[in-house]
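These are my notebook entries on one structure. I set out each term where I first rely on it.

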Amino acid sequence: MKLFLVLEDEPFIAMDLQYAFEDAGYEAVTAVGNEEAIAHIEESDIVGAILDVSLGGGVTCQATATRLAKEGIPFILHTGDLDRVGEHLREIDAPIIPKPRPAEDVVARLIDLIGQPAS
Amino acid sequence: MTSDASDDSTRLKSSNQAHRAIYAPDSPSNAFEGASGLLFEQAMAQTRMAVCLTDPNQKDDPIVFCNEAFQQLTGYRAEEIIGRNCRFLQGPDTDQAQVGKIRDAIRSEEVVVVEILNYRKDGSTFWNTLHLGPIYDEMGTLKYFFGSQWDVTDIHQSRADERHAKAMAREVSHRLKNVFAVIGGIVNITGRSMDAKNVARKINERVQALGRSYEPTLDEAVLGTIHVGQAIRAVLAPYDPENDRFVFTGNGIRTEPNAISAIGLTLHELATNATKYGALSHPGGTIEVSWAHVKDKFSRNSLEIEWIERGGPAIECPPESNGTGFDIARTLLGHSRGVLETEWEHDGLKARILIPITNG
């Protein structure tokens, strides 16, 4: 079964996205910070990811995004602050979905991106 | 005028003006000669604009004249000023790039205006708009540099305040978008646990349409009004992922944010209907959305939004029920004394939202 990664510091949003992956017939692991997210990438066979941009305390998802890009794993940036994306993640080439957006739309977009039909 | 000190002090008493600033022992004695010279001195003493003259023909271009306003601005007395190069007003936070511009202007004998951070005698700082230029005698020889100083600290402060307000508005906007996203999560998770996923989805769609209609307001919270076109585009964006279904026509009119929640939800219901049954359910179907300020039948300033669908499935007869979505929209608009009119034409739905606004 395909495994996805959700990097999100807000538990309700993380949970909502995780459920949306399950509804679509997939599984997802969640992470609240870059270290955890990178550990998931190293330990599991992640096929795609949804990254919250601002992780609190001025930390962004930059480290995870860089790692995913290096591994060639597709991902989507999910953020409420488009300006800050521009400031911090200009060099990262990934689709951006502005918050708020229904979780299933976000998930559908990622599944579309990795070229798998949503089941 | 003479540079004789006793003569100077006598005149100071008689005119009650601050002439002591003219003391410039090394300057040519005929610098401010005759009646026009006297008027010049009077004007210089009285103007609120801080003025100084420097003598580029002396070593290190010293100040040879400064007026009362210059002393007031800098906190130094004339005797502490005359004979020194202007750079004594600079300090650690003075931008050296601006200083460089002054230096270049002096070297090339050009007029220049720079904004520079200067320091008073007591160490406090002020933003100085310095206007600097050469003064020549009748032979075309460079005699002085003229410098006028204007304290623009207030302007700098208001610019900083504006930047701060914008940064705050952006932060609030970011947080509110996150709040809307969290609400979405709570609604979905609750709906799932109570076996009401579809209800949860419907609630969420409405909550999020509301969130999107406030997006432009939040980003421009300083203005207190909302850009109607931006709000309409933000609400409808998710229904048009390829960005080729909606045709928007309108100008940059603004309205107060209160009206926008009813408008946002109404547009959401129209778009949902179009996605299920109308122009958005059919490849190539389009919707024209236009907005303008009009008077309603009670001559109230109103916002009118027209919605014209084309290229969807042909409509044979109006639907039996407009559905609860339109009912909710009508009720909401009604609270703001607004209306939603729908005409189910063969080509597609034509709808009109009319809502009074206060600052039309």
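I began with the term for strand pairing: two strands pair if DSSP finds at least two bridges between them. Strands (E, at least two residues) and helices (H or I, at least four) are DSSP runs, numbered from the N terminus. I noted that the model is predicted, that local features need pLDDT of at least 70, that side-chain atom pairs count only at pLDDT 80 or more, and that totals for chains, interfaces and linings use all residues. Residues are numbered from 1 along each chain as its sequence is written, and chains are lettered from A and ligands numbered from 1 in the order in which they are written.

**Entry 1: strands of chain A**

I looked up β3(A), residues 46-52, and its partners. β3(A) and β4(A), residues 75-79, pair in the parallel sense over 4 bridges; in this pairing Ile50(A) has Ile76(A) as its bridge partner.

I then checked burial. A residue is buried if 20 or more other C-beta atoms, placed from the backbone, lie within 10 Å of its own, exposed if 12 or fewer, and partly exposed in between. In β3(A), 6 of the 7 residues are buried.

**Entry 2: two helices of chain A**

I recorded that α2(A), residues 34-43, and α3(A), residues 62-71, pack at about 20° with their axes 9 Å apart. Axes are lines fitted to C-alpha atoms, for helices over the stretch in contact, and angles run from 0 to 180 degrees between N-to-C directions.

Which residues of α2(A) make the contact? They are Asn34(A), Ala37(A), Ile38(A) and Ile41(A). Contact here requires C-beta atoms, placed from the backbone, within 7 Å. By class, the contact of α2(A) with α3(A) has 5 nonpolar, 2 polar and 2 charged residues. Nonpolar covers Ala, Val, Leu, Ile, Met, Phe, Trp, Tyr, Cys and Pro; charged covers Asp, Glu, Lys and Arg; the others, Gly among them, are polar.

**Entry 3: where the chains meet**

I found 14 residues of chain A in contact with 18 residues of chain B. On the chain A side, helix α1(A), residues 11-23, gives the largest share, 5 residues. That side divides into 7 nonpolar, 1 polar and 6 charged residues.

**Entry 4: sheets of chain B**

Chain B has 10 helices and 12 strands, and 31% of its 360 residues are buried.

One open, antiparallel sheet has five strands in the order β2-β1-β5-β4-β3 (chain B). Its edge strands are β2(B), 63-66, and β3(B), 112-119. The twist averages 30° from one strand to the next. Helix α5(B), residues 96-107, packs on this sheet and touches β3, β4 and β5 of chain B. I counted 8 bridges between β3(B) and β4(B), residues 125-136; Ile116(B) is bridged to Asn128(B).

Another open sheet, of mixed pairing, runs β7-β9-β10-β12-β11 (chain B). β7(B) and β11(B) each have a single partner strand, so one side of each is left without a neighbour in the sheet. The twist here averages 15° from one strand to the next. β11(B) and β12(B), residues 348-356, pair antiparallel over 7 bridges, and Trp344(B) stands opposite Leu349(B).

Conventions: Two residues are in contact if their C-beta atoms, placed from the backbone, lie within 7 Å.
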